[in-house]
Amino acid sequence: MLEFVTIKDIQKALGEWCKLLRKREKLTQQDLASELDLSPITISKLENGENATLETVLKILQYFDEMNSFNQFIQSRITNLNESKSLY
């Protein structure tokens, strides 16, 4: 059976991931919002799986020192696509 991942699934997972990182650092939503120059409502919405902007996600990646891991993931995908050989 095929399993489909929806945008909502990714938004929820991203929100949970952010929440876990924030709690690991013992930060409140207000603390994180202040550190990132965002509103606490933005952090709350993100953690609840609601519309996060790419800029917000990148700020969080950078704050929690996850930017290199994310970049490596993207670069590996680019490499895989460049190395893919067409059957035609």
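User: Buried means under 20% relative accessible area, exposed over 50%, and partly exposed in between. On that scale, does Leu 61 count as buried or exposed?
Analyst: The model is a predicted one, and in it Leu 61 has its place in helix H4, which spans residues 54-63. Its relative accessibility is 6%, and the limit for burial is under 20%. Leu 61 therefore counts as buried.

User: Which residues is Leu 61 in contact with, leaving aside its neighbours within four places in sequence?
Analyst: Cys 18 gives a sense of how the chain is arranged here, being 43 residues from Leu 61 in sequence while the two C-alpha atoms are 8.9 Å apart in space. Once the neighbours within four places in sequence are set aside, the contacts of Leu 61 are Trp 17, Glu 66, Met 67 and Phe 70.

User: How many residues does H1 give to the lining of the largest pocket?
Analyst: The largest pocket, with a volume of about 220 Å³, has a lining that includes Leu 61, Trp 17 and Phe 70. Both H1 and H4 supply at least two residues of that lining. The helix that gives the most is H1, and its share is five residues.

User: How do the residues of the lining of the largest pocket divide into nonpolar, polar and charged?
Analyst: Among the lining residues are Ile 10, Ala 13, Leu 14 and Val 57, together with Gln 11 and Thr 53. For the whole lining the division is nine nonpolar, two polar and no charged.

User: Which residues does Gln 11 touch, not counting those up to four places away in sequence?
Analyst: Gln 11, which is found in helix H1 and is one of the residues lining the largest pocket, has a relative accessibility of 19% and so counts as buried, the limit being under 20%. Beyond residues up to four places away in sequence, Gln 11 touches Leu 46, Gly 49, Glu 50 and Asn 51.

User: Within what arc do the buried residues of H3 fall, seen down its axis?
Analyst: Helix H3, residues 40-47, has Ile 43, Leu 46 and Glu 47 as its buried residues. Seen down the axis they line one face of the helix, because they fall within an arc of 95 degrees.

User: Why are the buried residues of H2 on the same side, and what arc do they cover?
Analyst: The buried residues in H2 include Leu 32, Ala 33 and Leu 36.

User: Where does Lys 26 lie?
Analyst: Lys 26 is another residue other than glycine with a positive phi, near 55 degrees. Its relative accessible area of 73% makes Lys 26 exposed, the threshold being over 50%. Its position is the loop between H1 and H2.

User: What is the angle between the planes of Tyr 63 and Phe 64?
Analyst: A search of the whole structure finds one aromatic pair, formed by Tyr 63 and Phe 64 with their ring centres 5.0 Å apart. Tyr 63 is partly exposed at 31% relative accessible area, whereas Phe 64, at 6%, counts as buried. Planes over 60 degrees apart count as edge-to-face, and this pair is edge-to-face, with an angle of 85 degrees.

Technical notes: Residues are numbered from 1 along each chain as its sequence is written. This is a predicted model: local features need pLDDT of at least 70, side-chain atom pairs count only at pLDDT 80 or more; totals for chains, interfaces and linings use all residues. Side-chain values use heavy atoms; hydrogens and water are left out. Helices (H or I, at least four residues) and strands (E, at least two) are DSSP runs, numbered from the N terminus. Buried means under 20% relative accessible area, exposed over 50%, partly exposed in between (1.4 Å probe, protein chains only). Contact means heavy atoms within 4.5 Å. The arc is that of the directions from the helix axis to the C-beta atoms. Rings of Phe, Tyr and Trp (its six-membered ring) pair if their centres lie within 6.5 Å; planes under 30 degrees apart count as stacked, over 60 as edge-to-face and the rest as tilted. On a 1 Å grid over the protein atoms alone, a cavity is a set of points where a 1.4 Å probe fits but cannot get out, and a pocket is an open set with protein on both sides within 12 Å along at least five of seven lines; lining residues have an atom within 4 Å of a point. Grid points are joined across faces, edges and corners, and a volume is the space filled by probe spheres set on the points. Ala, Val, Leu, Ile, Met, Phe, Trp, Tyr, Cys and Pro count as nonpolar, Asp, Glu, Lys and Arg as charged, and the others, Gly among them, as polar.
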